[in-house]
Amino acid sequence: MSTSLTNETLPRIDGVDTPAFDRAAVTPGIVHFGVGAFHRAHQAMYVDRLLAADPSANDWGICGVGVRTADAAMRDALVPQDGLFTLTLKHPDGAVETSVIGSIVEYLYAPDDPEKVIDRLSDPATRIVSLTVTEGGYNFSPSTGEFDAANPDIVADLEASAPPRTVFGLVTEALARRRERGTPSFTVMSCDNIQGNGHMARSTFLAYARLRDPELAEWIEANTRFPNSMVDRITPATPPDLADEVVDRTGVVDNWPVVAEPFTQWVLEDDFAMGRPSLEKAGVQVVDDVTPYELMKLRLLNAGHQALCYFGYLLGYRYVHDAASDPDIRTLLRRYMTEEGATTLRPLPGVDVDTYIDTLLERFTNPAIADTIARLCQDSSDRIPKWLVPVIRERLEQDQRSDLAAAVVASWTRYAEGTDEAGDPIDVIDPLAADLVPRAQRSRTDPLAFVADPELFGTLAEEPLFTEPYLSALESLRSKGARATLAGLLA
Ligand SMILES: NC(=O)c1ccc[n+]([C@@H]2O[C@H](COP(=O)([O-])OP(=O)(O)OC[C@H]3O[C@@H](n4cnc5c(N)ncnc54)[C@H](O)[C@@H]3O)[C@@H](O)[C@H]2O)c1
Ligand SMILES: O=P(O)(O)OC[C@@H](O)[C@@H](O)[C@H](O)[C@H](O)CO
């Protein structure tokens, strides 16, 4: 029987990298909300590298926090493992690198003991609070930009009749205590795929704080920093067979291993309230303005993922690498990125966008990570408005059509109808599914019904330069199918 991955069994692991630092000497300086696949493949890996490179950084360990019911599974995986986990990088040629990551030195599941989380956040040693709580986690309306104060969890946290349950409630309570005690504010560092993720975090935390206590909000506005960042590493959900692979490679059982591609990038704005770890030593690019990097990544990679996933699904693909290897989808991706997405980017000295696009197409075809179309299709209402609609919008402002992006929105509409080309059901996973699916179906008789929602699409439904190619692609998807639609579009 294999032994479990723990501090005690670490020295017995042979043949893969293990933390090259004294874990007992590492204390938390970062509290992270949203310890999922990506945080563990990315930020936790960078901090692990830093701790190995610079022993004086040992007060920048990570305390992971989960706030959602589903996070109990991460607690049950990580706590018995002393926060340790394995990261397996899979190269397209079949090469595999597994390492044990040791930078998460504490994990707290907030529903078990919210006060303990607030204590950790209020501790002067906590200087950064980082987030990967997904695009939807920022609780705002994409069209109005307003914070959703009617969210029942937010209402409950503001009533304060029970301990806070949301990231907003917990972080704001800790900031209130820091203010009372004369402890400086920590930095709130968003690592989610949102353009201006720091600005977004700033406006949503301030909106919450204003509802709670306007004076506290003023203090946060004056004292808390919210750096923007661009984060990149394709990290699929953990596949079922990874745990066995890890046992074979390490001789120990990891309750919840992570798999990712070898490529990784983190571009971070240098704007911190209480200092920051010297992440440059771990390969992070620290810059004054992250905007051009963010736009390049979100409008090419992430919008590219959306361009691939609905057409890919309708063509019968279930893995990203299979869809990305299809010649028509590959042409769609290259042409969307080059002719539409890339035209809305800002200058980025030293970066060749065509080479960047080539690299993306290679990354998408990596079969070894087995990224799924299902992962890319879920929560589309959180993604399309943030990554693709701004491209269409900016081009409209220059009187330019975006026929390929419009066809991608049409492919989402067709997908959201909930039935594929063979008449089989599609499981549409989206927080707005109850509204989106009937609207997509209604658009068979009321053609603009799907895109008429101003929350998601602003005024696109009133723009002939958008509606004409959108309706044409949608009609073709329904009458001729995805393959013929792509052929017509790319002819
Ligand atoms: N997976 C990737 O390839 C990748 C790459 C770059 C950036 N990201 C960013 O990281 C985010 C998470 O991706 P992941 O792969 O780790 O997903 P995941 O599903 O593995 O983890 C998501 C985590 O966010 C938490 N969460 C979700 N909604 C929340 C909310 N409202 N409040 C608090 N916590 C919440 C979940 O509980 C979970 O801990 C993405 O949405 C994206 O913004 C992901
Ligand atoms: O995780 P999301 O919801 O932000 O987006 C889905 C994918 O496009 C995304 O996870 C990419 O794989 C990632 O952004 C690559 O760095």
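By class, the shell around ligand 2 is made up of 4 nonpolar, 3 polar and 6 charged residues. Here, Ala, Val, Leu, Ile, Met, Phe, Trp, Tyr, Cys and Pro count as nonpolar, Asp, Glu, Lys and Arg as charged, and the others, Gly among them, as polar. Before going on, keep in mind that this is a predicted model, where local features need pLDDT of at least 70, side-chain atom pairs count only at pLDDT 80 or more, and totals for chains, interfaces and linings use all residues. As for bookkeeping, residues are numbered from 1 along each chain as its sequence is written, chains are lettered from A and ligands numbered from 1 in the order in which they are written, and side-chain values use heavy atoms, with hydrogens and water left out.

So who's in that shell? There are 13 residues around ligand 2, and D232, K297, H305, R375 and R383 come nearest; a residue is near a molecule or strand if one of its heavy atoms lies within 4 Å of it. Now for the polar contacts, meaning pairs of N or O atoms within 3.5 Å (within protein, one must be able to donate a hydrogen and the other to accept it, and residues adjacent in sequence count only if both atoms are side-chain atoms). D232 has a polar side-chain atom 2.5 Å from an oxygen atom of ligand 2. For H305 the distance from such an atom to an oxygen of the ligand is 2.7 Å, and for N302 it is 2.8 Å. On its own, ligand 2 has 390 Å² of accessible area, and the protein covers 89% of that, going by the Shrake-Rupley method with a 1.4 Å probe (for residues, only the protein chains shown count as cover).

Where does the shell come from? Helix 10 (291-314), helix 14 (373-377) and helix 15 (380-387) are the elements that each give two or more residues, and helix 10 gives the most, with 4. Helices (H or I, at least four residues) and strands (E, at least two) are DSSP runs, numbered from the N terminus. Domain 1 (3-287) and domain 2 (291-490) each supply at least three residues to this shell; the bounds come from an automatic or database domain assignment.

Back to D232, which lies in strand 9. Is D232 buried or exposed? With a relative accessible area of 2%, D232 is buried, where buried means under 20%, exposed over 50%, and partly exposed in between (1.4 Å probe, protein chains only). In a regular strand the side chains alternate between the two faces of the sheet. Strand 9 (residues 229-232) is covered on both faces, with S229 and V231 buried on one side and M230 and D232 on the other. Its partner is strand 12 (residues 265-269), running antiparallel and joined to it by 4 bridges; two strands pair if DSSP finds at least two bridges between them. In that partner, S229 is bridged to L268.

Ligand 1 has 21 residues around it, and F38, D71, E135, D192 and T235 come nearest. Its shell divides into 7 nonpolar, 7 polar and 7 charged residues. A polar side-chain atom of E135 is 2.6 Å from an oxygen atom of ligand 1, while R233 uses a backbone N or O atom, 3.1 Å from an oxygen of the ligand.
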